[in-house]
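Let me put the model up, and then I'll walk you through some of its side-chain pairings.

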Amino acid sequence: MGTSGSKSMERELASMWELSFVVPPDHETLDFKFLLKPKDAETPCIIEEGPTRLLTGGMLEGDVRVALFKLNGDDEVLEFRVFNKADLVSPLELAASWRVYKENLQPSRVRGIPDISINVAPTNATEEGSAATLELDLEHYVVPSPPTAPPNGYAANLAATPASMIQTGALWTNDVLLSDGIQSPSSVSAKLEDCSNDKKNIEAWATDSSKNSGLIESKSVGTFTPLQKLDGQKGLFVDRGVGSPMLPKSASACFLASGFSFGSAKTMPEAAGAVAAAAVADRLHGSKEDRKLAIVLVGLPARGKTFTAVKLTRYLRWLGHETRHFNVGKYRRLKHGANQPADFFRDDNPEGIESRNEVAALAMEDMIDWMHGGGQVGIFDATNSTRKRRYMLMKMAEGNCKIIFLETICTDPNIIERNIRLKIQQSPDYADQPDYEAGLEDFKERLINYEKVYEPVGEGSYIKMIDMVKGQDGQLQVNNISGYLPGRIVFFLVNSHLTPRPILLTRHGESLHNVRGRIGGDTVLSETGELYAKKLANFIEKRLKYEKTATIWTSTLQRTILTASPIVGFPKIQWRALDEINSGVCDGMTYEEIKKNMPEEFESRKKDKLRYRYPRGESYLDVIQRLGPVIIELERQRAPVVVISHQAVLRALYSYFADRPLREVPEIEMPLHTIIEIQMGVLGVEEKRYKLMD
C-alpha cells in the first residue's frame, strides 16, 4: 500500500497542519480540494480557491501551489504553502495507523463520513488458506500476552533490591533464582558418552581446562570484530546441526575460534566453538570459591551499561548460573533520594563523593553476601569511572570473588544523544522533573562532571566494548581473560548488538501425533496443520514484505519443514538443535500409556519436569544446553528470523527472551497455531502474540 499526504500546510509565522490519507499504489486519479474548518461548528467550511487538485500514483499532478482561502467574502485571503510527500507503508504499519485512527479520531463532520476507510467490516474469511483468509489488518489476530510477559520500563528497576537497606529477615526478597539450574555430573557423563570423538581425546579435552577455556586465555590485549554474515545461507536448505569439535589448543587457534573460523569444511554455527565445552560445565574447573565472578561495569553515563548488564544477566540466568544485577543508582536513590542535582556528582564535592562511595560499598557488600549464600555471578552496575573507586572494589573482592571489568565505550554523538534522551524519559532521577529541557541540561552537566575525572580501565582483567552498538565498526578487546565462564561471556558480548528486529516463534502446524496425543515421532501434518502452514506463509508474506534479508529456521523434523514449505522468498535453515526434546524409549507413546506401562517414570517426570530425563532421551536442561548456539545466532542476527520448532524447544527459547526462571520453563504456555513476536531493540524486549487459528 502507499500513503500520500499533503504534509505541513503552512502559513507564514503561523501554525502547521498535516493531512494524510491512504491509497493503493495503483489507485485511479483522485480529485479533491482542501477545506478550512472554522472553530465555530455552526460556520460552514471554506473551500479552497482555484482548480481541483489531482492525485495520481501518490503524487499531486501539476505544479505544487499554495492553498488560498477567502474569508468574509473577498476581504481577507489566507495562504498556506503545500508540501506533498508519498511514503510506502508496510501492512503492519498501515494496520497500526488504522488502529490509532479508530481509537482517537471521530468521523469527519464536513461530509458526515469517515475520512479514512480501510476494511472497516472484516470479510468472512474462508478456510482455504488463500490471501483472503488474512485481512490487511494483522492486529485482527493479536491475542493478549501472558501476564508474565517481559516487562517494559527503566532497565535498572530490574536490578536487585538493596538488601542491606530494606531487608528485614534472613531471606532475600527479590530475584530468587533456581539454585541448581546446572546439570548434575551424571548428565555430563551421559553427554560425554555420546560424543563422536574417541574416549582418549574426550578425557584430555575435559581435564585440560587451561587450554580449553571455551574461547580464549589471553595475557595480552586481543581485539575482536563481530562478523555479520550468516555462513551457509547460499543454498535453500542448510543443515545447521550442533557439532562437538575439539577445542583448539594454541593461542592462535583460540583467536580463530573467537573469529568464528574452525578450519573445517563442514558448515556449522559460529557459536558452536564457544559452547562445545558446555557438556563438561564449569563444575570441572576449580573449586566453588574460584567460580564466584563479579562483572564490574565501567563507563560514562548514557553508554549502555545498564542495558548490557540486564542483557548479560538474562543470558547467564538462562544458562543456569545464579546471576544477579546490582545497580548502584538504585542504592543511591533509596539512600539519598532520586532528585540529586548535577552538583552532587562533581569531583570537588566531598559530601557527594562520600555519599556515592558509601552506596557503592553497600552494593558491593550485598553482592558479596549474596555470593556467600550461593550466588555465582554478580553484575555490578555503576560508572566506576576512577581507578580509586575500582581499587576499592578490588580490595573488597579479595578472597571473595574474581573481578572482571566490563567497560562500555561509545564515541558516536548521535547514539549518545539518543541514550541521554531515553535516560531523561525513563530514569527515576527525572520522574519528578516536569521540565524536560531542564532535566536534559542537568543530565548533560552531570555527564560533564564525570568526563572531567574519567579514567579508562587498564588494570586487572577487563573487557572493553568499543562502539559495539555500531555493528561492523565495533570492537571488543579482552585482557587477562581465562576460564570457561568468562570465555562464554566474551563470546556472548561479541555477538550482541542493539539493532531492532523481530524474532517470530511458532510451533509447527498440528501433526498426526498431536491429533493422536502421542509424543515425539516424525509424522506429517494433519489437515488442520496444513491449513496453518498456508496461513503462516500468508502472514509471513505480509509481516515481512519489506524484509528481504529475513530467514526461516526449522528443525530437521518433517513437521516443521512441511510447515515452512509454503513460505517463499526467504532462505530456510535447518537446525538439529531445534529438534523436539528426545523422549527416548517413550517416543511415540501417549502419556496414558507411559502412566500405565512405566508408572515410576511417569511419577518422576511429574515431580520434576525440568530435570527429568526420558530413558535414553533428554531433559529440559539438556534442551537448554543444546540451544546455546541458537541463542548466540539469534543475538547475532540483524534481520528478522522466523523460528518454526516444537513445544519444549520454544519454551526454552521463550524463557530466555522473557527472563523466566528455569523452574518455570516446562510449564510455559506455547499453544499451537500461534505466533509469538519478540521485538528486540534498544529499549529491551517486547512481545506480541498472533493467533491465526483456534
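Predicted model: local features only at pLDDT ≥ 70, side-chain atom pairs only at ≥ 80, totals over all residues.

For a salt bridge, I mean a side-chain nitrogen of Lys or Arg within 4 Å of a carboxyl oxygen of Asp or Glu. Glu687 is buried too, at 16%. And Arg689 turns up again over an aromatic ring: its charged end sits over Tyr654, 5.4 Å from the ring centre. The rule there is NZ of Lys or CZ of Arg within 6 Å of the ring centre and within 35 degrees of the ring normal. Lys464 does this as well, with its charged end over the ring of Tyr462, 5.3 Å from the centre.

Residues are numbered from 1 along each chain as its sequence is written, and side-chain values use heavy atoms, with hydrogens and water left out.

Now the overall picture. The protein chain has 694 residues, and buried ones make up 52% of them. There are 21 helices and 24 strands, taken as DSSP runs numbered from the N terminus (H or I, at least four residues, for helices; E, at least two, for strands). The accessible surface of the chain is about 32,200 Å², with 51% of that belonging to carbon and sulfur atoms; that's Shrake-Rupley with a 1.4 Å probe, and for residues only the protein chains shown count as cover. As for contacts, meaning heavy atoms within 4.5 Å, take those between residues at least 6 apart in sequence: 70% of them join residues at least 24 apart.

Back to the charges. How many salt bridges does the rule give? The count comes to 24. One of them joins the side chains of Lys335 and Glu358, at 3.5 Å from N to O. That one links distant parts of the chain, with Lys335 in helix α8 (residues 328–336) and Glu358 in helix α9 (residues 350–372), 23 residues apart. Are these two buried or partly exposed? Lys335 is partly exposed at 42%, and Glu358 is partly exposed at 33%. Then there's Arg346 with Asp343, closest N and O atoms 3.3 Å apart. Arg346 is partly exposed at 27%, and Asp343 is partly exposed at 36%.

While we're at helix α9, have a look at Ser355, which lies in it. Ser355 is buried, at 14%. Leaving aside neighbours within four places in sequence, Ser355 is in contact with His336 and Phe344.

On to the rings. A search of the whole structure finds eleven aromatic pairs. Rings of Phe, Tyr and Trp (its six-membered ring) pair if their centres lie within 6.5 Å; planes under 30 degrees apart are stacked, over 60 edge-to-face, and the rest tilted. Phe345 and Tyr450 make a tilted pair, 5.9 Å centre to centre with 40° between the planes. Phe345 is in the loop between α8 and α9 and Tyr450 is in helix α12 (residues 436–453), so this pair ties together parts 105 residues apart in sequence. Phe345 is buried at 4%, and Tyr450 is buried at 8%.

Tyr430 and Phe443, on the other hand, pair edge-to-face: 6.2 Å between centres, 75° between planes. Tyr430 is in the loop between α11 (413–426) and α12, while Phe443 is in α12, so the parts tied together here are 13 residues apart in sequence. Phe443 is buried at 0%, and Tyr430 is buried at 8%. There's also a cluster, where ring pairs link Tyr315, Trp318, Phe492, Tyr656 and Phe657.

Phe492 takes me to my last stop, helix α13, where it is one of the buried residues. Why call this helix largely enclosed by the rest of the structure? Because eleven of the eleven residues of α13 (residues 484–494) are buried. Okay, that's my tour; over to you.

Technical notes
Buried < 20%, exposed > 50% of the residue type's maximum accessible area, 1.4 Å probe, protein only.
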